[in-house]
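Work through the exercises below with the sequence and the 3D structure at hand. Try each task before reading its solution.

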There are 2 protein chains.
Amino acid sequence: MSTTRGVRARARVEVTAAIKDEARRQLAADGAAKLSLRAVARELGMVSSALYRYFPSRDDLLTALIIDAYDSLGEAAEVADDRVGDVAPGQRWVAVCEAVRDWALAHPHEYALIYGSPVPGYSAPEATIPSASRVGLLLIGIVRDAYQQRGVARTPLPAELEPEAQRMAADLAPDLPPEVIAAMVAAWAQLYGLVGFELFGQFNNVVMDREAFFRHAAAQLAHGVGLVFP
Amino acid sequence: MSTTRGVRARARVEVTAAIKDEARRQLAADGAAKLSLRAVARELGMVSSALYRYFPSRDDLLTALIIDAYDSLGEAAEVADDRVGDVAPGQRWVAVCEAVRDWALAHPHEYALIYGSPVPGYSAPEATIPSASRVGLLLIGIVRDAYQQRGVARTPLPAELEPEAQRMAADLAPDLPPEVIAAMVAAWAQLYGLVGFELFGQFNNVVMDREAFFRHAAAQLAHGVGLVFP
DNA sequence: ACAAATAAGAGAGCACCGCTCTTGATTTGG
DNA sequence: CCAAATCAAGAGCGGTGCTCTCTTATTTGT
């Protein structure tokens with residue numbers, strides 16, 4: 001019967017989900033460094049070795065959490081973009097930036113997991129790429145809309161960056177001018193600099209009104225990409 | 001005698017230095033997560049408990065390494081600024097940014113230690129502040145020189161940021177205009193976004209010619225702060 | 001329908017970790 | 001010179017990730 005075949009399968013997805021949920025709880029509470037397979041198993045009433053039937057190692061569990069975190073962040077950004085409605089591209093950009101920051105402040109350990117220090121040698125498993133790209137793709141989409149609807153301000157590139165900018169444009173958005181793509185990639189990285197500095201305490205005793213500071217900085221980023229405000 | 005008093009004291013500083021050196025070796029090799037007191041002790045031919053006479057905990061050892069890393073980075077930045085000589089402020093800025101990036105690429109695990117994810121809850125011990133400030137102070141100095149010698153381009157602030165910008169300026173550089181200080185703090189954070197993305201693999205398959213890309217982005221940061229090129 | 005294959009949980013165990021406490025030797029300062 | 005401070009060493013506690021074996025329950029193929 002279809003049910004008999006499903007008993008094991010169903011149990012498997014449920015247990016897998018329960019493990020991830022508990023792991024996410026511990027991650028949010030104490031950070032990635034203190035996530036312990038034994039503690040997760042203990043909390044779930046299993047024995048630690050049983051966990052290895054679901055995740056072959058601690059790193060694999062963390063990778064699953066990383067993908068979830070990327071998706072959660074990506075969705076938050078997409079929702080924010082939808083919510084803001086049909087406004088000027090610059091305002092959409094700022095809304096997405098603020099969504100990223102809000103998500104980071106609400107999920108600091110998860111943000112640290114994906115944008116903190118993923119072990120400098122470590123290169124992300126292929127599986128993470130689509131989830132990790134969501135925010136970037138969203139920002140590209142905003143710039144593309146701006147370019148098609150009202151155009152963007154363009155500043156010439158230094159000669160040494162021409163070939164690289166053309167290559168990036170061909171990869172990321174062949175319909176957009178290379179200098180805009182180059183500016184966008186830089187702005188994308190810079191956004192995470194702003195968020196990281198706030199989250200990791202580098203702004204302690206330096207920036208007090210973080211809201212206002214961030215909003216202005218995000219707007220300046222939009223400006224640098226060539227987006228305009230109404 | 002002066003020597004007798006010095007036997008213990010001298011041994012102490014030597015052993016302390018040896019511990020830090022070996023720890024730094026392991027940090028550079030395997031990252032902060034894998035730094036093990038027992039392994040350090042083993043390598044030094046001591047027993048692990050003896051290490052606790054010098055550093056009361058693993059975190060204290062790490063804090064010592066953090067301070068050293070900040071100082072190493074700060075000195076690299078200062079040396080680069082000295083070396084570049086009497087050029088336009090924008091070029092000094094770019095030189096310092098490149099020094100930060102070069103240092104990060106040369107010491108990835110140490111960079112991750114200080115600018116990665118310092119455990120979101122964790123707030124840096126007071127002792128780290130002076131060392132951590134060196135790069136920031138250097139950048140402020142460059143902007144100050146630019147302001148006094150040739151002036152900087154100033155763009156007005158949104159009203160909501162006025163008070164905060166004035167507060168920051170009063171704290172960091174009372175002789176500089178608030179909008180310049182605000183732009184500088186943002187640029188400072190953004191610089192670390194650029195470096196972090198490259199170091200932590202976010203630019204994999206996206207940016208290839210990292211040198212050229214970074215140089216351009218750093219120059220754009222300088223522009224955003226109002227610095228000019230000759 | 002039943003035997004074989006497979007998946008899952010339990011338990012013991014290995015090698016490591018940070019950290020504490022006690023013990024005995026050595027150096028220091030009054 | 002002797003008491004006090006300092007330090008290396010050892011044993012030990014509770015924890016970790018991970019492996020291996022054993023037993024039991026489910027799924028599968030005939």
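The exercises that follow concern a predicted model, and they go from one chain to the contact between chains and then to single pairs of side chains.

**Exercise 1. The fold of chain A**

Task: Describe the secondary structure of chain A, its extent, and the share of its residues that are buried.

Solution: Begin with the secondary structure, which in chain A comes to 11 helices and zero strands, so that the pattern read along the sequence is α-α-α-α-α-α-α-α-α-α-α. Next take the extent: along its principal axes, the C-alpha trace of chain A spans about 60 × 50 × 35 Å. Then turn to burial, where 49% of the 230 residues in chain A are buried. Finally, consider the contacts in chain A with a separation of 6 or more, of which 71% are between residues 24 or more positions apart.

**Exercise 2. A covered helix**

Task: Find how many residues of helix α6 of chain A are buried, and name them.

Solution: Locate residues 108-115 of chain A, which form helix α6, and apply the cut-off for a buried residue, under 20% relative accessible area. Seven of the eight residues in this helix are buried, and the helix is thus mostly covered. The buried residues of α6(A) are His109(A), Glu110(A), Tyr111(A), Ala112(A), Leu113(A), Ile114(A) and Tyr115(A).

**Exercise 3. How the two chains are related**

Task: Determine which rotation and shift superpose chain B on chain A, and name the relation.

Solution: Superposing chain B on chain A takes a rotation of 180° with 0.0 Å of shift along the axis, and the RMSD is 0.1 Å. This is the relation of a two-fold axis. The contact surface agrees with this picture in that the same surface serves both copies, with 98% of the contact residues of chain B recurring in chain A. To place the axis in the model, look for Gly193(B), which of the residues of chain B comes closest to the rotation axis, its C-alpha being at 1.7 Å.

**Exercise 4. The interface**

Task: Describe the contact between chain B and chain A by its residues, its buried area and its polar pairs.

Solution: Count the residues first: 45 residues from chain B and 45 residues from chain A take part in the contact. The two chains bury about 3900 Å² between them, and 66% of this area is on carbon and sulfur atoms. Next come the pairs across the interface, where two salt bridges are found, one of them between Arg215(B) and Glu160(A), whose closest N and O atoms are 3.0 Å apart. Residue pairs in polar contact between chain B and chain A number 11.

Now ask which helices of chain B supply at least two residues each to the side that touches chain A. They include α6 (108-115), α9 (162-172), α10 (178-199) and α11 (210-225), and α10(B) gives the most, with 11 residues. Sorted by class, this side of chain B has 30 nonpolar, nine polar and six charged residues.

**Exercise 5. Salt bridges within a chain**

Task: Compare where the partners lie in the salt bridges Glu164(A) with Arg167(A), Arg154(B) with Glu179(B), and Arg167(B) with Asp171(B).

Solution: Over all chains the count comes to 34 salt bridges. In the pair of Glu164(A) and Arg167(A), the closest N and O atoms are 2.9 Å apart; the two residues are three apart in helix α9 of chain A, and therefore about one helical turn separates them. Glu164(A) is buried, at 6% relative accessible area, whereas Arg167(A) is partly exposed, at 25%.

The pair of Arg154(B) and Glu179(B) meets at 2.9 Å, N to O. Arg154(B) lies in the loop between α8 (134-149) and α9 of chain B and Glu179(B) in helix α10, so this pair ties together parts that are 25 residues apart in sequence. Arg154(B) is partly exposed, with 46% relative accessibility, while Glu179(B) is buried, with a relative accessible area of 17%.

In the pair of Arg167(B) and Asp171(B), the closest N and O atoms are 3.4 Å apart, and both residues lie in helix α9 of chain B, four residues apart, about one turn of the helix. Arg167(B) is partly exposed, at 25% relative accessible area.

Terms used:
Residues numbered from 1 in each chain as written. Chains lettered and ligands numbered in written order. Predicted model: local features only at pLDDT ≥ 70, side-chain atom pairs only at ≥ 80, totals over all residues. Heavy atoms only, no water. Contact = heavy atoms within 4.5 Å. Buried area = accessible area lost by both parts, 1.4 Å probe. Salt bridge = Lys/Arg side-chain N within 4 Å of Asp/Glu carboxyl O. Polar contact = N/O pair within 3.5 Å; in protein donor to acceptor, adjacent residues only side chain to side chain. Nonpolar A, V, L, I, M, F, W, Y, C, P; charged D, E, K, R; others polar. Buried < 20%, exposed > 50% of the residue type's maximum accessible area, 1.4 Å probe, protein only. Least-squares fit on C-alpha atoms with pLDDT ≥ 70 in both.
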